[in-house]
Amino acid sequence: MTTEKMTPIDEGFWTKPVNTDEEIQLIGSKCSACGELFFPEKDKNWCTHCYKNALEKILFSRKGKIATFSVVMQKPAGGFYHGEAPYCYGCIDIEDGIRIKSLISTDDYDSLKVGMDVELVIEKLWDDKDGNEVSTFKFKPV
């Protein structure tokens, strides 16, 4: 993927490394009062679990396990999804203790299993009308 034409599907989901030693990580929030985790990062500072004004920005682990998944064989109607079909969507249990809904990056859908180890990747989802590669986070089996 060429980074000069890469456009994130939305700003603030993942970090933008400034050098090649840094890895991309998902950005979230953690309540310092009750420990509740949120993804994506909440733009308000109050926790919807304990209602305290105690949220802090955190970076999540890049590693997790597949909790559940589904292989979708056709695009949804109404332009909701611009990528190719089939595609795989599921829930990933991140090592930090939060479950995240995510696309799963694979061409071998038959090899996917609940409990399988996965790792965060950033991949192209589609090309926009200006030729920019719109990218998103996914999890890929390791």
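Let me start with Y51, which lies in the loop between β3 and β4. This is a predicted model, so please hear every value that follows as computed from that model. Y51 has a positive phi of about 65°, although Y51 is not a glycine. Is Y51 buried or exposed? Y51 is exposed, because its relative accessible area is 62% and the cut-off for exposed is over 50%.

The loop between β3 and β4 also holds P40. The peptide bond from F39 to P40 is cis, with omega near 0°. There is another cis bond to point out, from A85 to P86, again with omega near 0°. For P86, the place is the loop between β5 and β6.

Which strands form the open sheet, and in what order? There are three, in the order β3-β2-β4, and the pairing is antiparallel. The edges are taken by β3, residues 37–38, and β4, residues 55–59. Each of these has a single partner strand, so one side of each is left without a neighbour in the sheet.

Take the pairing of β2 with β3. Strand β2 covers residues 27–31, and two bridges join β2 to β3. If you want to find the pairing on the screen, look for K30, whose bridge partner in β3 is L37.

Next, β5, which covers residues 63–72. How many bridges join β5 to β6? Eight bridges do, with β6 spanning residues 87–94 and the two strands running antiparallel. Within that pairing, I66 stands opposite I92 in β6. Strand β5 is also joined to β8, residues 117–127, by three bridges, and these strands run antiparallel too. There, K63 has E119 as its bridge partner in β8.

L103 is buried, because its relative accessible area is 9% and buried means under 20%.

Let me step back to the whole chain.

On overall dimensions, the C-alpha atoms fill a box of roughly 40 × 35 × 35 Å, taken along the principal axes. The radius of gyration is 16 Å. A compact globule with 142 residues would have a value near 14 Å, and the chain agrees with that.

Of the 142 residues, 35% count as buried. Considering contacts in the chain with a separation of 6 or more, 49% are accounted for by residues 24 or more positions apart.

Last, the surface and the charges. The chain exposes about 8800 Å², and carbon and sulfur atoms supply 48% of that area. There are 18 positive and 24 negative side chains. How far apart do the centres of the two sets lie? The centres lie 5 Å apart.

Technical notes
Residues numbered from 1 in each chain as written. Predicted model: local features only at pLDDT ≥ 70, side-chain atom pairs only at ≥ 80, totals over all residues. Heavy atoms only, no water. Pairing = 2+ DSSP bridges. Helix = DSSP H or I, 4+ residues; strand = E, 2+ residues; numbered from the N terminus. Buried < 20%, exposed > 50% of the residue type's maximum accessible area, 1.4 Å probe, protein only. Rg over C-alpha atoms; globule rule 2.2 N^0.38 Å. Contact = heavy atoms within 4.5 Å. Areas by Shrake-Rupley, 256 points an atom, 1.4 Å probe, with all protein chains shown as cover. Lys, Arg positive; Asp, Glu negative; His and termini not counted. Charge placed at Lys NZ, Arg CZ, Asp CG, Glu CD.
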